[in-house]
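Hi everyone, thanks for coming. I'd like to walk you through one structure today, so please have a look at it with me before we get into the details.

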Amino acid sequence: MNYRHAFHAGNHADVLKHIVLLALLDALKRKPTPFFVLDTHAGRGRYDLHDAAARRTAEADSGVARALGMGTQSAAIGRYQQAIRACNPDGHLRMYPGSPVLAAMAMRADDRLFCREAQPDEARALATLFARDGRVHVQAGDGWAAIKALLPPTPRRGLVLIDPPYEAQLLEFDTALAALDEGLRRWPQGIYALWYPIKRRRDLQPFLRGAAKLPCTQILLAELLVRADDSPLRLNGSGMLLLNPPWKLDEELAAALPELVRALGEAGAGQRMEWLRQE
Ligand SMILES: C[S@@+](CC[C@H](N)C(=O)[O-])C[C@H]1O[C@@H](n2cnc3c(N)ncnc32)[C@H](O)[C@@H]1O
């Protein structure tokens, strides 16, 4: 396993993923009853954009840096900007919060977060970050196995975020679909959010066909392309596959995506929101 999120923290994919994550958490907070979050591929939780890995790729420059600087009418983008600013109180963008930190910032006292991370040093860093937060449980190990081990959860409301590195390329799409299928069978009412990379669009077709067959009546996808999706060599964009998305999330994302295209996109950029199933 070679993937290190430090090289990619705050890139356009993180911007999309984390805007959607915060919108999902906000929707869960509309009810006072506690919720559960499982982050199957959690990473180390916090990334220093000044360190050597982040500087080498400078991916955050065309991701979070632009997202933070843009004017916006979108509540979802505004909430994301607020969270990033809260992590950088002196006004200079340096620390980028990963999904577990964003979730923990949004959670209330009785909400619970379970994180799995396979790389021991990343898991250790994450555990250290949350050592004093009794709401957060960090487990070193396989995130896919957590679907069987932890679902269905108590309380029964909540969210599973699945954010794999796709190192095994197309194979990992199949693993992700199998995990969603298993999760839905164990916990049909859970919200599931799977991040996926977009390089060349036509390579996605088998995955999207498989996604439309999952045992779920509400399946939405939201994609942000920062350039044309015709090269297999670059991360041209990414998407979030959302199962059982909360009411009106589609409207929130429909307002946010065109703004993100304008702020983060190059020639050939675009966005897509589509219900794969809506019964
Ligand atoms: C894209 S990064 C996660 C970023 C994080 N979700 C965020 O938004 O801040 C993917 C992470 O998955 C970890 N990983 C890879 N295979 C895994 C597995 N089978 N189970 C759990 N974690 C895994 C990698 O070490 C890496 O930290």
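Let me start with a question: which residues in H7 meet which residues in H8? Before I answer, please keep in mind that this is a predicted model.

On the H7 side we have Trp144, Ile147 and Lys148, and their partners in H8 are Thr175, Ala179, Glu182 and Gly183. Sorted by class, the residues of this contact are three nonpolar, two polar and two charged.

How are the two helices placed? In general, a packed pair of helices is described by the angle between the axes and the distance between them. Here the axes of H7 and H8, the latter covering residues 170-186, come within 10 Å and cross at roughly 10°. Angles under 35 degrees count as roughly parallel, and H7 and H8 are therefore roughly parallel to each other.

Now stay with H7, and turn to the ligand. There are 19 residues around the ligand, and those that come nearest are His41, Gly43, Gly98, Ser99 and Gly143. Which elements give two or more residues to that shell? They are strand S4, residues 112-117, and helix H7, residues 143-150.

Next, some backbone geometry. As background, most peptide bonds are trans, and most residues other than glycine have a negative phi. This model has some exceptions to show you.

The bond from Leu151 to Pro152 is cis, with omega near 0°. Pro155 is also found in the loop between H7 and S6, and the peptide bond that joins Thr154 to Pro155 is cis as well, omega being about 0°.

The other place to look is the loop between strand S9, residues 237-243, and helix H10, residues 249-264, where we find Asn244. Asn244 is not a glycine, yet its phi is positive, near 55°. Lys248 lies in the loop between S9 and H10 too, and its phi is positive at about 75°, again without being a glycine.

Are these two buried or exposed? Asn244 has 18 C-beta neighbours inside 10 Å, so it counts as partly exposed. Lys248 has 11 other C-beta atoms within 10 Å and is exposed.

That's my tour; over to you for questions.

How values were computed:
Residues are numbered from 1 along each chain as its sequence is written. This is a predicted model: local features need pLDDT of at least 70, side-chain atom pairs count only at pLDDT 80 or more; totals for chains, interfaces and linings use all residues. A residue is near a molecule or strand if its C-beta atom, placed from the backbone, lies within 6 Å of it. Helices (H or I, at least four residues) and strands (E, at least two) are DSSP runs, numbered from the N terminus. A residue is buried if 20 or more other C-beta atoms lie within 10 Å of its own, exposed if 12 or fewer, and partly exposed in between; C-beta atoms are placed from the backbone. Axes are lines fitted to C-alpha atoms, for helices over the stretch in contact, and angles run from 0 to 180 degrees between N-to-C directions. Angles under 35 degrees count as roughly parallel, over 145 as roughly antiparallel, 65 to 115 as roughly perpendicular and the rest as oblique. Two residues are in contact if their C-beta atoms, placed from the backbone, lie within 7 Å. Ala, Val, Leu, Ile, Met, Phe, Trp, Tyr, Cys and Pro count as nonpolar, Asp, Glu, Lys and Arg as charged, and the others, Gly among them, as polar.
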